[in-house]
Amino acid sequence: MPDAIELLKTRRSMKPREMTGPGPSPADLETILTIGARVPDHGKLAPWRFIVFEGDARVRAGDIIAGVFARKNPQASAAEIEVEKKRLTDAPLVIGVVSFTKPHPKVPAWEQELSAGASAMNIVTAATALGYGACWLTGWFALDRDVLDGFGLKPEEKLVGLIHIGNVTRPSEDRPRPALSDIVTRF
């Protein structure tokens with residue numbers, strides 16, 4: 001297992017189309033999900049949950065996405081619909097992070113949503129630490145209520161993102177990062 005600081009300094013998002021199987025073992029998946037649930041959570045509300053898409057579930061999810069896309073874009077070509085159908089099939093595992101807020105006198109909705117975002121990042125970091133490639137993505141369909149309903153989300157739930165996880169076929173190149181002098185001020 002890599003040194004934690006080195007892991008955090010060098011983590012990269014890996015493109016799902018550059019991932020291959022096998023995906024995480026059941027034990028690795030349990031570790032990833034356990035770490036995803038180990039985030040700051042003011043009030044112990046657990047304002048997030050996970051949806052695991054693997055195997056044929058990725059194809060069924062793609063059918064939902066493509067069906068909604070075709071219905072809302074009647075002029076779409078068969079090739080465009082096929083692209084939508086394959087949204088979750090590149091990586092062998094996709095984890096949807098779902099956010100919902102609970103009324104609470106001391107924990108504003110914003111903090112609960114941030115906790116869900118922290119959960120998504122913990123999943124990415126855990127997968128990376130276990131040697132997999134990971135990429136946190138959204139897309140039009142992550143905000144489309146018809147798709148979310150098809151995925152089983154309740155009306156009050158949002159999709160924080162879909163985290164694609166698999167073995168990498170080639171190293172990812174780093175992208176430019178902001179200079180600390182551009183983003184840090186002192187009070």
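Contact, in this presentation, means heavy atoms within 4.5 Å. With that in place, I turn to the protein shown above.

The structure is a predicted model, in which local features need pLDDT of at least 70 and side-chain atom pairs count only at pLDDT 80 or more, while totals for chains, interfaces and linings use all residues. Residues are numbered from 1 along each chain as its sequence is written, and side-chain values use heavy atoms, with hydrogens and water left out.

Let me begin with the overall architecture. Helices (H or I, at least four residues) and strands (E, at least two) are DSSP runs, numbered from the N terminus. By that definition the protein has 7 helices and 5 strands. Their order along the sequence is α-β-α-β-α-α-β-α-β-α-β-α. The radius of gyration is 18 Å, close to the 16 Å that the globule rule gives for 187 residues, so the protein is as compact as a globular protein of that length. Here the radius is taken over C-alpha atoms, and the globule rule is 2.2 Å times the number of residues to the power 0.38. Along the principal axes, the C-alpha trace spans about 55 × 45 × 40 Å.

Next, the surface and the interior. A residue is called buried under 20% relative accessible area, exposed over 50%, and partly exposed in between (1.4 Å probe, protein chains only). Buried residues make up 39% of the 187 residues. The accessible surface comes to about 11000 Å², and 57% of it belongs to carbon and sulfur atoms. These areas come from the Shrake-Rupley method with a 1.4 Å probe, and for residues only the protein chains shown count as cover. Among contacts with a separation of 6 or more, 80% are accounted for by residues 24 or more positions apart.

As to charge, Lys and Arg count as positive and Asp and Glu as negative, with His and the chain ends not counted. Each charge is placed at NZ of Lys, CZ of Arg, CG of Asp or CD of Glu. The mean positions of the 24 positive and 23 negative charges are 3 Å apart.

I now come to the aromatic residues. Rings of Phe, Tyr and Trp (its six-membered ring) pair if their centres lie within 6.5 Å; planes under 30 degrees apart count as stacked, over 60 as edge-to-face and the rest as tilted. How many aromatic pairs does a search of the whole structure find? There are 4 aromatic pairs. One of them joins W140 and F141 in an edge-to-face arrangement, 5.7 Å centre to centre with 90° between the planes. W140 is partly exposed, at a relative accessible area of 31%, whereas F141 is buried, at 4%. Together with F69, W140 and F141 form one aromatic cluster.

T125 sits in helix α5, residues 109-129, and its relative accessibility of 17% counts as buried. Which residues does T125 touch, not counting residues up to four places away in sequence? They are L7 and L8. T89, by comparison, is found in the loop between α4 (78-85) and β3 (93-99). T89 is partly exposed, with a relative accessible area of 25%. Neighbours within four places aside, T89 is in contact with R58 and V59. From T89 to L130 there are 41 residues in sequence and 21 Å in space, C-alpha to C-alpha.

K44 is not a glycine, yet its phi is positive, at about 50°. K44 is also exposed, at 78% relative accessibility. A46 lies in the loop between α2 and β2 as well; its phi, near 45°, is again a positive value in a residue other than glycine. A46 is partly exposed, with a relative accessible area of 30%.

H42 belongs to the loop between α2 and β2 and is partly exposed, at 45%. Where does H42 make contact, leaving aside its neighbours within four places in sequence? The partners of H42 are K106, V107 and E111. H42 and E111 are 69 residues apart in sequence, and their C-alpha atoms are 7.6 Å apart in space.

The peptide bond from G21 to P22 is cis, with omega near 0°.
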